[in-house]
Amino acid sequence: MSTPYPFTAVVGQSDLRLALLLNAVSPAVGGVLVRGEKGTAKSTAVRALSALLPQVDVVPGCRFSCAPAAPDPACPDGPHEPGEGTARPARMVELPVGASEDRLVGALDIERALAEGVKAFEPGLLADAHRGILYVDEVNLLHDHLIDLLLDAAAMGASYVEREGVSVRHAARFLLVGTMNPEEGELRPQLLDRFGLTVEVAASREPAQRVEVVRRRLAYEDDPAGFAARWSGDETAVRERVVAARALLPQVRLGDNALLQIAATCAGFEVDGMRADIVMARTATALAAWAGRTEVRKEDVRQAALLALPHRRRRNPFDAPGLDEDKLDEILDGFPDEEPDPEPEPEPDGDGDGGGDGGPDGGGGVPPQTGPEEQAPEEGPDSGETAAPEPEPARAEAQEPSADASDTADAADSADAADAPVQAAVRAAEPFRTRMLSVPGLGEGASGRRSRARTAHGRTTGAQRPRGQLTKLHLAATVQAAAPHQRARGRSGRGLVIRKDDLRQATREGREGNLVLFVVDASGSMAARQRMSAVKGAVLSLLLDAYQRRDKVGLITFRGAGADLALPPTSSVDAAAARLEQLPTGGRTPLAAGLLKAHEVLRIERLRDPSRRPLLVVVTDGRATSAGSVGGDPRAAGRRTAGLLAAEGIASVVVDCESGPVRLGLAGALAADLGGPAVTLDGLRADSLAGLVKNVRTSVSEHSSNRRAA
């Protein structure tokens, strides 16, 4: 077994280390969600935490880690008589992103349950993690139904497995830690709220600290055992402090004044629900115990708010998590300072073992940063730098064309002079609720909320022989398959004689997530500020819809001489929104180049993820004034490229951005070439877009029928 990196050797990341230690002191806090960029020691710190947890006593031979002093009366391996136990280290169990439901909660042998009437249960990862740590790396990439099961077990302290009337329950109390990179997609607000604390981590910009990170990492890789031995004293000191804080925790008093501070803070930040108040109370209590005190102070409440509230204030996926510390101080300043506790503060051990400064109360909140025979890098002086003010949006220099513009004016707009200056990006209009766009047919992609698909969850539509392990039994079909053979199998009692060949898997239909690829016209014909603002607002609305329906999104823009992949397909909808906000406009309209780029991106994504079906959303007025790298007549090149996409059966929707009473109808012609519907910006709204889903389906099928007839 490899030697883990010592927890106390992690450089910086004081909030991360403190949040993990508070959960080690009081698992009731509810776990930690660690958000941050790659390469910031998220996984290293979590894996190192298990070495700091005290050993646990377990009933010998119990697969569910029952405590010998108080065994679980409902344990599937029970009943257990109270008695002597065996001690073992606390486990750290990792949940892989691709894990199945049975791997997480456990699996029942349905064949034995039906034929023999016994509950043959194979424990899952929740049972392995009982009384330890359950670590989920890239938790934002985990399937939603697995996250729901995981968080339900963490909240209830038990896991329930039910299959066709056969039920098993076992205890599942663990310290839940999830890590994620926001660039790869966000968690739903409902799931964010279920994590007790959240921490934002980022790599240090201080050269001395970065040097220390590299120095320690290289020393660990050269000699893991020797490096761990040099930090063993600090590890032991922190482990003992965790044990002491756990013992002190029941004695910590959460007074009425502290409760009022917590309630006022949550109300002042308009946090939904009451979970934030409860988590803050538990966190503040754990902070006091970690500092060796029996009374919760105002600084404990403040630190608890910084850890428990940032992720609960998001109202939509484009809001950045965070907390206004000035507002927090203003709320807490309205309460009188408490009298100092009469009991003395715990004395530091004097050997740099965690008794130094750095905690929220000055009593030491995080492990030391100086190892044996090492000195921490000196902190540089406060630079006093302030962020430069953001430039104000440039003033609109061009007016929207008048409503009575003539055909000559429209033609002039379509010319899109090649040397037209690039205009600064404009802000998007307010997003609105859109009608659902879906891909026709029945897919088999990842679980989501957009298009119809065969999924593991949903309504039962039929039965089939299982391919591999049986997961969802179709009871009626199984009985029907077994019934004709009962006499031949020598049935003598009331029960059926079931064989493996009789078992039938239920087939279910639900919804899948799709790849929604946006192709946005950013040429000069779209540059009028009111029009581009409306276009960005429409795309932002569709992005919000994609977030809610669990889609992957990509963004292609075309203008000037070609097309650019502004954002490769990703689950991070807020990253797409950020790229959209910075989108400049101007130049000619290389429509064919934009469509050809979309064809290339979809071809590559089909190789990477064949089961995820694409939906192409083209946002344009339909003009084509440059063929770009395609060459030839711009309009003819656009039609040929659109036909290429349609021939491969890619579902498409064209959002027509043309405005004014005199319209050329070019976007509608493009939609016909793509084999999909065209919808105006105003018609994209949910309250005015009746029948669009039907149009997407019928347009694709009609286009296919016309091609076969031709």
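Let us begin with R253, which lies in the loop between α10 (232–248) and α11 (256–268); helices here are DSSP runs of H or I with at least four residues, numbered from the N terminus. The model is predicted, so local features need pLDDT of at least 70 and side-chain atom pairs count only at pLDDT 80 or more, while totals for chains, interfaces and linings use all residues. Residues are numbered from 1 along each chain as its sequence is written, and side-chain values use heavy atoms, without hydrogens and water.

R253 counts as partly exposed because its relative accessibility is 48%; buried means under 20%, exposed over 50%, and partly exposed in between, with a 1.4 Å probe and protein chains only. Beyond its neighbours within four places in sequence, R253 is in contact with T294, E295 and V296, where contact means heavy atoms within 4.5 Å. R253 and E295 are 42 residues apart along the chain, yet their C-alpha atoms are separated by 5.0 Å.

I turn now to a helix pair. The axes of α12 (residues 275–290) and α13 (residues 298–308) come within 8 Å and cross at roughly 125 degrees. These axes are lines fitted to C-alpha atoms over the stretch in contact, and angles run from 0 to 180 degrees between N-to-C directions. The contact involves V279, M280, T283, A284, L287 and A288 of α12, and D300, V301, Q303, A304, A305 and A308 of α13.

Finally, which residues of helix α18 (residues 573–581) are buried? They are V573, A576, A577 and L580. These residues lie on the same side of α18 because they cover an arc of only 100 degrees around the axis, taken from the directions from the helix axis to the C-beta atoms.

Conventions. Helix = DSSP H or I, 4+ residues; strand = E, 2+ residues; numbered from the N terminus.
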